[in-house]
Amino acid sequence: MTSASGALGDSDLTEEQQDFARALRDYCERECGPERLKELTSGFDDLHNDDVARQMAELGWYGVAIEEAYGGSGGGLLEACVFLEETARGEAPIGAYPVTLIVAGALARFGTEAQKRRLLGHVAGGGALAIAMSEPEAGSDVGALSTRAERSNGEWVLNGAKMWCSYAHKASEILIVCRSERGESKHEGLSMVLVPRESDGLTVTPIETLGGKETNELHLEDCHAPEDALLGEPGAGWTQLMAGLNYERVILAASALGLAQRAFDEALAYAKERKQFGRPIGSFQATQHKLADLATELVQARMLVRSVARTIDSAPERMLPREASMAKLACTELAKRCAIEGVQIMGGYGYATEYPMERYLRAAVVTTIFGGTSEIQKNIIAKTLGL
Ligand SMILES: Cc1cc2nc3c(=O)[nH]c(=O)nc-3n(C[C@H](O)[C@H](O)[C@H](O)COP(=O)(O)OP(=O)(O)OC[C@H]3O[C@@H](n4cnc5c(N)ncnc54)[C@H](O)[C@@H]3O)c2cc1C
C-alpha cells in the first residue's frame with residue numbers, strides 16, 4: 001500500500017513529480033537510516049540539521065516552491081507537498097522547513113524585491129526562517145496579541161513576548177506579527193516586521209517539549225529594526241495572515257501526512273514479522289482491520305491535500321478556508337491515529353524507546369495543536385456550513 005510502491009496515491013502525479021518523490025525516498029533511505037539519523041539529530045533531540053538542509057539545497061530541492069528568479073526551482077505548492085510528505089516520511093532532519101516555507105510564502109506574496117532577493121535566496125540555499133504570532137495570552141485567539149512595534153527615528157522599536165516560535169534558534173530572521181497602530185477592532189493595526197535573530201533586545205529561550213528542541217519563547221525589549229523591515233503594508237497584518245492560511249494549512253497537512261505514512265509503514269512491517277501463537281500478528285483479523293482502515297484513510301488524506309494544493313496553485317488568490325482546514329484536520333488527526341495504533345500493534349515494543357514508534361507518537365501529538373488546533377479547524381469548517 002505504501003506510496004513507496006507508487007501503487008496508491010501517487011498515480012495522480014506527473015512522471016516528473018513521481019521521479020521527484022522517488023529521488024526523495026532514495027535519498028532518505030540512503031542518508032537517514034536509524035543510526036545515521038541518531039547522529040544527525042544528537043540522539044533524536046535536534047530535529048533540524050543545517051548540513052542536511054544545505055545538501056538538499058544543493059540538490060535543488062529546498063527551493064522547490066521558490067521562484068527561479070530567487071534561486072528556487074519554480075515549483076508550486078503541489079511539488080512542495082510531495083517534498084514535505086516524503087521528507088517527513090523519510091525522517092529527513094529538516095524540522096525547520098515547514099515553518100520556513102510558511103514565511104517564504106508570506107515573502108513571495110508581500111515582500112519587496114530586496115526582501116525577496118535576500119530571504120528567498122537564503123531559503124533556496126538551505127536557510128531557515130521563523131514566524132512569531134502566538135503569545136502567552138494569545139494562542140487560538142491570535143488576534144489578541146499585544147507585542148508592540150512603534151516607529152521612532154526611522155526605525156521600528158519592538159516590545160513584547162512571544163510563545164512557541166518554532167525553530168527561531170535556527171532562523172536567520174523572524175517574522176514578528178505585532179501591533180503597530182490602534183484599531184477599532186483587534187484585527188486592525190497589526191503589522192509584520194522581519195527581525196534578525198541576532199538583534200540586540202531579542203532573546204530566544206528554548207521551551208522543553210515532548211518533541212525535543214523545536215520551539216522557543218521570544219522576549220523583545222526595545223528591539224530595533226530598520227524601517228524597511230516591514231513586510232507588506234503597515235496595519236495590514238491580519239489581512240496578510242489570512243491570505244497565507246490556505247498555504248500554511250496545506251504545508252502542515254502534508255508534513256503530518258508523511259509522519260502518518262511513516263508510522264503506518266513501520267506498523268505494517270512489524271505486523272508481518274512479529275509472530276505470536278505461531279503466526280504473524282498481521283494474520284489476526286483485528287490487526288488487519290486496523291491497518292486496512294488506516295491505509296484507506298491515508299489515501300483519502302493524500303487525495304484531499306493534493307487536491308487543495310492543486311486548487312491553490314491554479315488560483316493562488318482564492319480563499320479556501322473549508323478545504324484547507326479539512327486537509328489540516330484530516331492529516332494531523334490521522335498522524336495521531338497512525339502513531340497510537342502503531343504503538344498498539346507493536347505492543348510493548350511500540351512503547352519502548354528502542355523502536356521509533358514512540359517518537360512518531362510524540363511528534364504527532366503536537367500536529368493537532370500548532371497552526372490552529374483541531375477544535376479551531378472544526379469551528380472554521382462549521383462556519384462555512386452556515387453554523
Ligand atoms: C510545538 C509548537 C510549535 C509552535 N510553533 C509556532 C510558531 O512557530 N509560531 C507561532 O506563532 N505559534 C506557534 N505555536 C503556537 C500554536 O499555534 C498554539 O499553541 C495554538 O494556536 C493553540 O494556542 P494555545 O496553545 O495558546 O492554546 P489555547 O488557545 O489556550 O487553547 C487551549 C484549548 O482550548 C481550545 N479552544 C480555544 N479556543 C477555542 C474555541 N474558540 N473553540 C473550541 N475550542 C477552543 C483549543 O482547541 C485547545 O484545546 C506552536 C505551538 C507548539 C506547541
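Student: How do you know that the axes of α4 and helix α9 (residues 285-314) come close, and at what angle do they cross?

Tutor: The two axes come within 8 Å and cross at roughly 145 degrees. Axes here are lines fitted to C-alpha atoms, for helices over the stretch in contact, and the angle between N-to-C directions can run from 0 to 180 degrees. Before we go on: this is a predicted model, where local features need pLDDT of at least 70 and side-chain atom pairs count only at pLDDT 80 or more, while totals for chains, interfaces and linings use all residues. Numbering starts from 1 along each chain as its sequence is written.

Student: Which residues make the contact between α4 and α9?

Tutor: On α4, Leu-77, Leu-78 and Cys-81; on α9, Val-305, Arg-306, Ala-309, Arg-310, Ile-312 and Asp-313. A contact means C-beta atoms, placed from the backbone, within 7 Å of each other. By class, the contact of α4 with α9 has 6 nonpolar residues, no polar ones and 3 charged. Nonpolar covers Ala, Val, Leu, Ile, Met, Phe, Trp, Tyr, Cys and Pro; charged covers Asp, Glu, Lys and Arg; the others, Gly among them, are polar.

Student: Why is α4 called mostly covered?

Tutor: 13 of its 13 residues are buried. Buried means 20 or more other C-beta atoms within 10 Å of a residue's own, exposed means 12 or fewer, and partly exposed is in between, with C-beta atoms placed from the backbone.

Student: What makes Leu-252 buried or exposed?

Tutor: Leu-252 has 23 other C-beta atoms within 10 Å, so it counts as buried. This residue is in helix α8 (residues 245-273). Beyond its neighbours within four places in sequence, Leu-252 is in contact with Pro-98, Lys-328, Thr-332, Thr-367 and Gly-371. The C-alpha atoms of Leu-252 and Glu-85 are separated by 9.7 Å, though the two residues are 167 residues apart along the chain.

Student: How do you know that β2 and β3 pair, and in which sense?

Tutor: Two strands pair if DSSP finds at least two bridges between them. Strand β2 (residues 148-152) and β3 have 5 bridges, in the antiparallel sense. Arg-148, for instance, stands opposite Asn-159 in β3. The hairpin of these strands has 2 residues between them, and Asn-153 in it takes a positive phi near 50 degrees. β3 also pairs with strand β7 (residues 215-226) in the antiparallel sense, over 7 bridges; there, Ala-161 has His-219 of β7 as its bridge partner.

Student: How many residues surround the ligand, and which are the closest?

Tutor: 22 residues surround the ligand, the closest being Gly-139, Ser-140, Trp-164, Ser-166 and Thr-373. A residue qualifies if its C-beta atom, placed from the backbone, lies within 6 Å of the molecule. The largest share, 3 residues, comes from α13. The shell divides into 10 nonpolar, 10 polar and 2 charged residues.

Student: Why is Ser-191 called buried?

Tutor: Because 22 other C-beta atoms lie within 10 Å of it, Ser-191 is buried. Ser-191 lies in strand β5, where 6 of 7 residues are buried. β5 pairs with strand β8 (residues 230-231) over 2 bridges, in the antiparallel sense. In that pairing, Val-193 has Leu-230 of β8 as its bridge partner.

Definitions and conventions: Helix = DSSP H or I, 4+ residues; strand = E, 2+ residues; numbered from the N terminus. Contact = placed C-beta atoms within 7 Å.
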